[in-house]
Protein chains: 2
Amino acid sequence: MRLEAQPFHTKQIPMQFELSKAFLEEITKAIATERNGHIRQQISDLHPADIAEILENLSLTEAHHVYRLLESESGADVLAELDEDKREKLLSSLTSREIAEEVIEKMDSDDAADVLSELPAVKQAEVMSLLNDEEQAELKDLLAYHENSAGGLMCKELIRVQLNWTVATCIREMRRQSKQVDQVYTIYVVNEANELQGRLSLKKLLFASSGTRTLVQDLYEEKVRYAHVDQSSEEVANMFEKYDLVVLPVVDGSMQLLGRITIDDVVDVIKEEADKDYQMASGISEKVESSDTVWVLSRARLPWLLIGMIGGMLGAKVIAGYEAELIEQATLAFFIPLIMAMGGNVGVQSSAIVVQGLANNSIGFDSLWRRLLKELLVSLLNGSILVGLIFGFISLFFDADYALGFTVSTSLMIIIIFAAVFGTFIPLALHRYKIDPALATGPFITTLNDVLSLAVYFIIGSLVFGMG
Amino acid sequence: MRLEAQPFHTKQIPMQFELSKAFLEEITKAIATERNGHIRQQISDLHPADIAEILENLSLTEAHHVYRLLESESGADVLAELDEDKREKLLSSLTSREIAEEVIEKMDSDDAADVLSELPAVKQAEVMSLLNDEEQAELKDLLAYHENSAGGLMCKELIRVQLNWTVATCIREMRRQSKQVDQVYTIYVVNEANELQGRLSLKKLLFASSGTRTLVQDLYEEKVRYAHVDQSSEEVANMFEKYDLVVLPVVDGSMQLLGRITIDDVVDVIKEEADKDYQMASGISEKVESSDTVWVLSRARLPWLLIGMIGGMLGAKVIAGYEAELIEQATLAFFIPLIMAMGGNVGVQSSAIVVQGLANNSIGFDSLWRRLLKELLVSLLNGSILVGLIFGFISLFFDADYALGFTVSTSLMIIIIFAAVFGTFIPLALHRYKIDPALATGPFITTLNDVLSLAVYFIIGSLVFGMG
């Protein structure tokens with residue numbers, strides 16, 4: 001027992017481990033010189049997430065070396081925290097028996113299912129065959145659910161008590177069950193048929209006098225939110241966000257309690273959703289990180305560039321159709337960049353507001369027509385300001401060429417209004433037909449916008465300069 | 001007490017309330033005809049977040065009507081869930097006394113501080129003066145912290161026990177304290193000087209035999225992560241994400257336990273961060289929703305459009321400098337759109353990958369030179385493919401004009417490489433100087449890219465066609 005006078009807090013771990021280059025170099029050196037005791041000492045007090053971060057910054061053989069030094073419990077935790085990419089590589093250097101006994105059996109069922117699903121089919125079957133029947137059945141269940149569903153997010157470990165138990169039985173049973181459960185947030189109450197009946201807070205249980213014959217059904221809370229096992233992870237994430245949940249039970253069609261989803265997995269879903277939309281808006285077609293290989297990075301970026309390229313080629317064809325006018329009136333070419341930039345910018349802005357509104361469920365109940373009308377007003381307002389400016393600019397710097405000023409201003413106004421309305425309409429329409437509205441901020445729509453803008457500009461130009 | 005045979009789950013609330021247009025219309029009608037009993041009945045079983053959603057879709061007077069029908073406890077909860085915008089308006093229709101007694105006093109301290117900070121200064125002072133001394137002091141403390149710091153996120157309500165208490169005292173004290181705390185996740189252990197010493201899990205406390213003289217210091221866990229009150233909310237959010245936290249205690253420089261941050265507030269921070277980056281990448285300069293007014297929407301969109309416009313004007317000036325060449329060689333104009341689109345796209349892609357890596361803390365320890373080299377390789381790879389295609393396109397569709405093909409290909413390659421390297425360098429440099437790297441995906445950089453691309457294209461064009 002400690003004395004109170006002791007300055008306890010000096011013994012506490014630092015607030016957060018900050019991986020430094022110096023630390024990494026020290027570990028790398030220790031690996032090269034096989035000073036395993038030193039490595040163990042350096043990482044023994046770290047959180048699995050910190051150790052995972054270290055492994056991600058080491059080469060595969062180095063990471064493997066460090067992984068071998070971990071106790072198997074902590075090794076499994078580290079693997080659960082590791083990047084999918086690195087984990088796959090690390091696992092490929094382990095035997096099926098090692099994976100079964102040192103990884104899968106030590107993990108929570110949701111992480112175990114994730115790891116299994118990443119293994120090649122042959123190895124997956126091998127690992128499965130080495131697990132006991134109960135584990136096999138549990139994991140087969142979990143593997144059957146779609147990755148982006150409540151079933152794909154849940155883990156089977158939870159604390160479950162029955163309505164007709166006394167508080168004393170309840171606590172005894174919980175003690176037994178809680179060995180498998182890292183973090184108990186809520187106790188789920190079921191009937192004898194395992195149908196979800198409600199929840200029991202630890203607080204309430206703690207305050208109940210355990211000596212008496214109080215029953216669970218006298219203490220439990222009937223109101224409980226739950227997810228259906230087939231609900232999409234987006235829906236689940238929205239529920240967590242809206243109701244400030246930390247954990248949510250998952251049931252099947254007949255209200256059987258199957259598992260629970262915890263907030264940490266939901267935070268990952270929220271991040272991934274946001275990242276996906278961001279990548280779409282910035283022209284990246286698959287999830288990449290700057291640490292990926294040159295090949296992966298190129299592949300993720302090429303599709304959008306190709307579409308943009310095709311747009312540029314179409315643009316060239318459009319302009320080529322007006323070669324005669326251009327030779328006559330070279331000034332028309334000066335404003336091609338402006339026309340292109342404006343159409344694209346306005347379109348992306350309009351779409352992005354809708355996409356974000358849909359993602360955040362804050363889109364409200366306005367009708368499509370009201371929405372388009374509003375967008376029209378916004379673009380008229382902004383368009384007028386911009387058109388005024390460009391007209392002034394041309395008057396000042398291009399010898400007050402009013403025909404040119406008129407051409408640029410008129411087409412700019414048309415393009416701004418068109419891009420705004422089009423940019424609002426497309427994501428709403430995509431959403432209606434259950435297609436990801438973020439596609440509207442992607443390459444097809446912006447490229448289409450560019451080409452149409454050019455066409456408008458040159459049609460008006462040829463009319464104004466009387467060469468149509 | 002219920003009989004087990006009863007089908008309990010039919011009495012449970014539905015999984016999630018889904019606000020429908022029909023429901024809104026029903027409520028609106030009931031408000032118009034003052035059928036208050038009906039309204040109360042419709043919303044009595046709903047979660048505060050659901051009621052807030054309803055209010056957000058009503059007019060201010062309608063919302064005010066419904067708010068008046070809520071019991072004050074639930075009214076405060078609904079206000080806490082409401083959009084800042086709507087909340088401000090609703091509060092402006094309440095007297096200072098109503099705000100003090102029916103809102104602030106019924107709220108958790110973090111929500112109360114948020115609401116207070118949104119009030120006009122005069123009203124804020126009035127409301128403050130109506131609170132008791134303890135509440136005043138608590139709120140003054142919270143208001144002093146920066147909105148984007150751990151202090152700004154924390155609430156003061158938590159369960160705090162002392163090292164030298166017995167389990168029995170501990171439970172008695174907790175019972176008293178827990179009246180203020182909605183959700184107990186962890187019990188914080190302090191010494192007599194209120195210095196954070198560790199934490200005690202409810203589970204452990206529950207399993208400890210409360211009859212004995214067991215002390216808190218025999219049960220508690222010394223290892224506890226904590227945030228310093230001045231840490232930024234981004235750092236706090238990263239800690240929650242990395243370590244899968246649900247709650248985190250907040251201390252000051254001398255380890256005094258000040259409050260706790262819960263995951264629901266952190267989820268909001270994560271969302272806001274992601275939204276901010278997304279808005280930057282899609283050209284919106286402030287947080288807007290499609291339900292905002294035309295004026296707000298215009299204002300949020302105009303700045304980026306103006307910068308794009310200035311870019312377009314500079315582009316016009318650049319091209320005007322090559323008017324003679326254009327008259328001679330009008331085909332040069334055909335590829336202006338392609339040149340512009342490519343420079344912009346490659347730049348945004350490169351920046352976005354870095355911005356996302358920085359936001360997710362997955363940027364690794366590569367040196368700047370290694371990173372730029374990699375980016376160079378990626379752009380060489382993608383650039384070669386694109387340049388090959390454009391050369392083929394010009395050969396096929398533009399009478400195999402090799403001079404033109406050479407001009408477009410060469411400038412395209414230079415632009416792609418430049419944009420990629422520049423796009424990688426800028427966000428890293430901004431980050432280094434503690435400026436938000438997402439700025440790199442914003443209008444300045446993309447506009448600069450556009451103008452430089454045009455200049456490169458026309459310089460090479462004039463050299464090739466021998467008119468420089």
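In chain B, helices α20(B) and α22(B) are roughly parallel to each other, because their crossing angle falls under 35 degrees. The model described here is predicted. The axes of α20(B), residues 336–359, and α22(B) cross at roughly 30° and come within 8 Å. The crossing of this pair is right-handed. The contact of α20(B) with α22(B) holds 16 nonpolar and 8 polar residues.

Helix α22(B) spans residues 402–432, 31 residues in total. From its first C-alpha to its last, α22(B) reaches 44 Å. That span is close to the 45 Å expected at 1.5 Å a residue. Lys434(B) follows α22(B). The phi of Lys434(B) is positive, near 60°.

In chain A, α22(A) was examined against helix α21(A). Helix α21(A) covers residues 368–397, and α22(A) covers residues 402–432. Their axes come within 8 Å and cross at roughly 155°. An angle over 145 degrees counts as roughly antiparallel, so α21(A) is roughly antiparallel to α22(A). The crossing of α21(A) and α22(A) is right-handed. By class, the contact of α21(A) with α22(A) comprises 20 nonpolar, 7 polar and 2 charged residues.

A further pair in chain B consists of α8(B), residues 109–118, and α10(B), residues 133–144. These helices pack at an angle of about 70°, with their axes 9 Å apart. Angles of 65 to 115 degrees count as roughly perpendicular, so α8(B) is roughly perpendicular to α10(B). The crossing of α8(B) and α10(B) is right-handed. Helix α8(B) contributes Ser109(B), Asp110(B), Ala112(B), Ala113(B), Leu116(B) and Ser117(B) to the contact. Helix α10(B) contributes Glu138(B), Leu139(B), Leu142(B) and Leu143(B). The residues of the contact of α8(B) with α10(B) divide into 6 nonpolar, 2 polar and 2 charged.

The relation between the chains was then considered. Two copies of a chain are related by a rotation about an axis and a shift along it.

The contact between the chains takes 120 residues from chain B and 119 residues from chain A. On the side of chain B that touches chain A, the largest share comes from helix α17(B), residues 294–320. Helix α17(B) supplies 16 residues to that side. The side of chain B that touches chain A has 67 nonpolar, 29 polar and 24 charged residues. Of the interface residues of chain B, 99% are also interface residues in chain A, so the copies meet through the same surface.

Note on methods:
Residues are numbered from 1 along each chain as its sequence is written. Chains are lettered from A and ligands numbered from 1 in the order in which they are written. This is a predicted model: local features need pLDDT of at least 70, side-chain atom pairs count only at pLDDT 80 or more; totals for chains, interfaces and linings use all residues. Helices (H or I, at least four residues) and strands (E, at least two) are DSSP runs, numbered from the N terminus. The expected span of a helix is 1.5 Å times one less than its number of residues. Two residues are in contact if their C-beta atoms, placed from the backbone, lie within 7 Å. Axes are lines fitted to C-alpha atoms, for helices over the stretch in contact, and angles run from 0 to 180 degrees between N-to-C directions. A crossing is left-handed if the near helix is turned anticlockwise from the far one by less than a right angle, and right-handed if clockwise. Ala, Val, Leu, Ile, Met, Phe, Trp, Tyr, Cys and Pro count as nonpolar, Asp, Glu, Lys and Arg as charged, and the others, Gly among them, as polar.
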